[in-house]
Amino acid sequence: MTNSATAVAHANIALAKYWGKRDEALALPATSSLSLTLDAFHATTTVTLDPAADADTATLDGRPMSDGELARVSRFLDLVRSLAGSSARAAVDSVSTVPTGAGLASSASGFAALAGAAAAVYGLDLDARGLSRLARRGSGSASRSVFGGLVVWHAGTDDATSYAEPVPGGEPGGPLDPAMAVVVLDAGRKAVSSREAMRRTVETSPFFPAWAEATERDVALMLDAVRAGDLAALGELAESNALRMHATMLGARPPVRYWTAHTVAVLDQVQALRADGLPCWATIDAGPNVKVLCAAPDLPALADALSDGGTRRVVTARPGPGLRVDAGGAS
Ligand code: DP6
């Protein structure tokens, strides 16, 4: 009998952001969102059943997870167990190339990999859509990391209709040929988790309803841009959408601000590079780091400029693959 499974999932960066839930228990988002899965960062997670154990255990990069992290993993496994009709506890071992909790999509790749490995080892028979719905329950953005390249997460209206699926057109060498330079300004853990920050935004920012309405429109416009093979239109929408997300959270009480002076300096530089004829567009998540979208042929020049003479760490990324599950571990 198989008692262990391993899955690999890549991080994704949203071009139209998910920021706000309308149902916390089911992890239903306020809006649809659109992302690019990256080849540069991934999580590899092994789940091993231990029917003799009376509690789950979990490690991240070889160290025991914090109590909070373990509780979140264990709650997710409870969901999988309830779907599988199992009570077996498990050992979760995850290794990630993504700095954790720094707005670099660590929970997206982490929970997508956990969903893949846990579904396999507990014997849930899920197709990719089912895995996306399951991953969503661990972390909303994880629903998108089940797929490679460009991905849309349909907000949906209930558990069955809120899932991600791939959007054709983002393949390497295709009409858009997208790439991303990730400027790692601070890989440390953020002060306010995205979960808490988005909750606070929904509850207290008067701008939130306008944000949600505009983002649903942005997703539709971005899908048009992808179909037209128009990277500039996609990039302009993405930069604007990210700025609006941050404007919305600045309107919360107490306000949420992830930017630092370095963040603003990179935004200025992206604007200047564009003015100099290098097409590129910035996006920022729940942290100070800036991700810059460009066409793949422009990536080396962009990364070189953003590294600022080697003083900044820049990671270059191309579209990455979807979730891979290896249910091979037999006992
Ligand atoms: C800014 O998916 O980490 O990266 O569902 O509460 O786990 P939870 O939130 P999470 O939030 C991601 C927020 C974002 C935007 C995005 O990825 O769309």
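The second largest pocket of this predicted model holds about 260 Å³ of space. It is lined by 13 residues, and those closest to its centre are Ala25, Arg75, Arg137, Gly138 and Arg195. A pocket here is an open set of points on a 1 Å grid over the protein atoms alone, where a 1.4 Å probe fits, with protein on both sides within 12 Å along at least five of seven lines; lining residues have an atom within 4 Å of a point. A volume is the space filled by probe spheres set on the points, which are joined across faces, edges and corners.

**Second largest pocket**
- Helices α1, α3 (128–138) and α4 each supply at least two lining residues; helices (H or I, at least four residues) and strands (E, at least two) are DSSP runs numbered from the N terminus.
- The most, four residues, comes from α1.
- The lining divides into five nonpolar, one polar and seven charged residues, where Ala, Val, Leu, Ile, Met, Phe, Trp, Tyr, Cys and Pro count as nonpolar, Asp, Glu, Lys and Arg as charged, and the others, Gly among them, as polar.

**Largest pocket**
- The largest pocket contains about 980 Å³ of space.
- Its lining has 43 residues, with Arg72, Ser106, Ser107, Ala108 and Ser139 nearest the centre.
- Two or more lining residues come from each of β1 (2–16), α1 (67–84), β7 (89–96), α2 (106–121) and α4 (194–204).
- The largest share, six residues, is that of α2.
- By class, 18 lining residues are nonpolar, 16 polar and nine charged.
- The largest pocket lies between domain 1 (4–170) and domain 2 (178–317), because both give residues to its lining; the domain bounds come from an automatic or database domain assignment.

**Helix α7**
- Helix α7 (residues 261–275) has 15 residues and reaches 21 Å from first to last C-alpha, close to the expected 21 Å, which is 1.5 Å times one less than the number of residues.
- Its buried residues (under 20% relative accessible area, 1.4 Å probe, protein chains only; exposed is over 50%, partly exposed in between) are Thr263, Val266, Leu267, Gln269, Val270 and Leu273.
- These residues lie on the same side of α7, because they cover an arc of only 160 degrees around the axis, taken from the directions from the helix axis to the C-beta atoms.
- The exposed Ala261 and Ala275 are on the face turned away from the buried side.

**Pro29**
- Pro29 belongs to strand β3 (residues 28–29) and is buried, with a relative accessible area of 0%.
- Pro29 and Asp158 are 129 residues apart in sequence, and their C-alpha atoms are 9.9 Å apart in space.

**Basis**
- Residues are numbered from 1 along each chain as its sequence is written, and side-chain values use heavy atoms, leaving out hydrogens and water.
- In this predicted model, local features need pLDDT of at least 70 and side-chain atom pairs count only at pLDDT 80 or more, while totals for chains, interfaces and linings use all residues.
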